[in-house]
Structure formats: structure tokens, C-alpha cells
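Please work through each task before reading its solution.

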Amino acid sequence: MTYHSGSRAVQDRLGVREFADHVGRGIGQGIRPVAAAFLGLQPLLVLGAADPASGAVWASPVTGEPGFVRATGPRQISVAGGVRPDDPLAPALAAEGTPVGTIALDPRTRRRMRLDGHARPTPRGFAITADQVFSNCPKYLQKRESYERLDRAPKPAQRSAELAAPQREFIATADTFFLATVQESGADASHRGGNPGFVRVDSPGELSWLDYPGNSMFLTLGNLSLDPRAGLLFLDWESGTTLQLTGTASTEFAADGERTVRFRVQEAVETPSALPLRWSAPAYSPANPEPAR
């Protein structure tokens, strides 16, 4: 893998360039058979991209019966269906060649896979040609034993410029969220997890969280160092409600290497009953640090 200047700057600042190069050698453009099989079992795919008109970056969920995401070539996945017509990323997926990041996460096995590339619409949904494909370790990923599909109809989306009190409580008790970032030639979608309270709501318009140690590639923080636009997706794993946020993010580095990411909300979109999935209660990852009080 070739890292861009943003990721290199963070790696060098933290002295992990050599380790990042070692990890990066496991990243390619091809979809291996084990990855194709994994995708075919998933009922949920999370996308990250920028709206072509406004430039706002969003993270959005897509669901379907297992098999709705398939590897249809050595470097291509096809997705049957798509986001809701009123989803902020609907215009991006309707365009040809939109840079998009994806993450498929399976709480049952605590496995996840990321595929970044360029999307194009198809008669049945959309397809993505991969630029890079890789898996992540299960660190900070909560285990949920099972899920069921329900006959839910999404309710109208509620938009606002800042977070209402119930939304702030929802975030403060979350154990997982998804983070979309972009840079000049691509987009990425990643996962963040921790014990409830790991995301702090500092005000109706600002969140923060510690960036826990990971694979040292720093794709997300590297993107943010070059382009502060970001999108967050919070899921209610039981009710199916989604909370999508777009805004800007920056990273603060402490002398000991600890990193805090601060996200400033520009718009929030809450959609009650957006997803037809209801997951079982989580068992928190043993790697999760205790949130700071």
C-alpha cells in the first residue's frame, strides 16, 4: 500500500512508520475468496462519501438479506438496493465514479472488512471497483450474538443544525459509531468502538473521543490532516434508528502520544426505525479502555 502525505505525517509524528509499512504490505486491490464469503453473509454495509453538490461528508447504512453484497469480480462488489431516497448520500451513489469507502462489520464474529474504491450506479443498485481491500483486528468491536429482521417502515428524517437533548444522550450511551473521511483521490469508512461514554458530548455542536491504539496506518487521522470534512453514523442496534452527522474534525496530540479527535456538527439527520435489524445486547470488547470521567 502507498500511504499519502497525511498518513505519513501522523505515522512519523508517532514514530510508527516502519510498523505501518509492515501492516500496509497486507493491503491489496483484490478481493480474496475468504473476503468474498464474508461479504455474502452480511446484512449491513456502511458507506462513506461526499455529497457531490454540497461537499458534505456522510456515513450511511445499507441493509438487505445476506447476499445483497456480492463480490462480482476480482476487484468489484455489487450491492442490490441502496440507501433510502432521502438519505444524504443518495446523490453521491447516483453519480458515476464517486469515491466511496465501505466497511462490513459482523458483530457475531467480531470481524470487519474495509473496501475503498469508486462507485457507479447499476440497474439493481450500485457497484464499487476496489482501490484497496483489507480487514481489521477485532479490537474495540462489541460482540452481538444474533439479529432478527423486522418489518419496519422508516419514519421521516428529522434534520437539525445541532444535537437535541435526546440525541446527546443517545451518543453518550453509544458503544459504536462509524466514521467517514475523504482525501483528494478517495474516501474511507471506519469503525470506532468502546464502552458507553467513550464519545463525549461537549456541547450541542461538538463531540470528542480518544483515538485508541490500532493498526498504526492512520488512514482516518491522515485523511483528516489533509481534509477536515467528516461524517459520523450512530446506530440504535435495537430500534433501528440512525443518527447521521456531518461536519469537520481535527486531532489534538498530547505530549505522551495520546490523541483526541474533536468533531464539530454542521448538520444532524435522525431517522427513526431506519433499519429493519434488531441485534441482541452487546458483550463489550475486553480491549475497551474505561472511558475518562
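**Exercise 1.** How many nonpolar, polar and charged residues does the lining of the largest pocket have?

*Solution.* The model is a predicted one, in which local features need pLDDT of at least 70, side-chain atom pairs count only at pLDDT 80 or more, and totals for chains, interfaces and linings use all residues. Residues are numbered from 1 along each chain as its sequence is written, and side-chain values use heavy atoms, with hydrogens and water left out.

Step 1. On a 1 Å grid over the protein atoms alone, a pocket is an open set of points with protein on both sides within 12 Å along at least five of seven lines, whereas a cavity is a set of points where a 1.4 Å probe fits but cannot get out; lining residues have an atom within 4 Å of a point. Points are joined across faces, edges and corners, and a volume is the space filled by probe spheres set on them.

Step 2. Locate the pocket. The largest pocket has a volume of about 810 Å³. Its lining comprises 40 residues, and those closest to its centre are Arg114, Phe134, Ser135, Asn136 and Asn215.

Step 3. Sort by class. Ala, Val, Leu, Ile, Met, Phe, Trp, Tyr, Cys and Pro count as nonpolar, Asp, Glu, Lys and Arg as charged, and the others, Gly among them, as polar. The lining then has 20 nonpolar, 12 polar and 8 charged residues.

Step 4. Assign the elements, where helices (H or I, at least four residues) and strands (E, at least two) are DSSP runs numbered from the N terminus. At least two lining residues come from each of α3 (33–39), β6 (111–122), β7 (125–136), β12 (186–193), β14 (206–210) and α6 (219–226).

**Exercise 2.** Describe the second largest pocket and identify the element that gives the most to its lining.

*Solution.* Step 1. The volume of the second largest pocket is about 380 Å³. Among its 19 lining residues, Met1, Thr2, Gln132, Gln183 and Ser185 lie nearest the centre.

Step 1. Two or more residues of this lining are given by each of β6, β7, β12 and α6. With 3 residues, β12 gives the most.

Step 2. The lining divides into 5 nonpolar, 11 polar and 3 charged residues.

**Exercise 3.** Which residues line the largest cavity?

*Solution.* Step 1. The structure holds 1 cavity of 30 Å³ or more, and the volume of the largest cavity is about 40 Å³.

Step 1. The lining consists of Leu44, Leu235, Asp236, Trp237, Leu275, Leu277 and Trp279. By class, these are 6 nonpolar, no polar and 1 charged.

**Exercise 4.** Trace the strand partners of β17.

*Solution.* Step 1. Two strands pair if DSSP finds at least two bridges between them. Strand β10 (residues 158–160) runs antiparallel to β17 (residues 259–271), with 3 bridges; here Arg159 stands opposite Val269.

Step 1. β14 also pairs with β17 in the antiparallel sense, over 5 bridges, and Leu207 has Phe263 as its bridge partner in β17.

Step 2. Strand β16 (residues 242–253) is joined to β17 by 12 bridges, again antiparallel. Thr248 stands opposite Arg264 in β17. β16 and β17 form a hairpin with 5 residues between them, and Gly257 in the turn has a positive phi of about 95°.

**Exercise 5.** Which residues have the most contacts inside the largest nonpolar core?

*Solution.* Step 1. A nonpolar core is a set of buried Ala, Val, Leu, Ile, Met, Phe, Trp, Tyr and Cys residues joined through side-chain atoms within 4.5 Å. Buried means under 20% relative accessible area (1.4 Å probe, protein chains only).

Step 1. The largest core has 28 residues, and Leu47, Met113 and Leu115 have the most contacts inside it. Its contributors of two or more residues include β1 (44–50), β2 (57–63) and β5 (98–106). The largest share, 4 residues, comes from β7.

Step 2. Contact means heavy atoms within 4.5 Å. Not counting residues up to four places away in sequence, Leu115 touches Ile31, Ile77, Val100, Gly101, Thr102, Ile128, Ala130, Gln132 and Val133. Apart from this core lies another of 27 residues, among them Val16, Ile171, Val199 and Trp209.

Notes
Buried means under 20% relative accessible area, exposed over 50%, partly exposed in between (1.4 Å probe, protein chains only).
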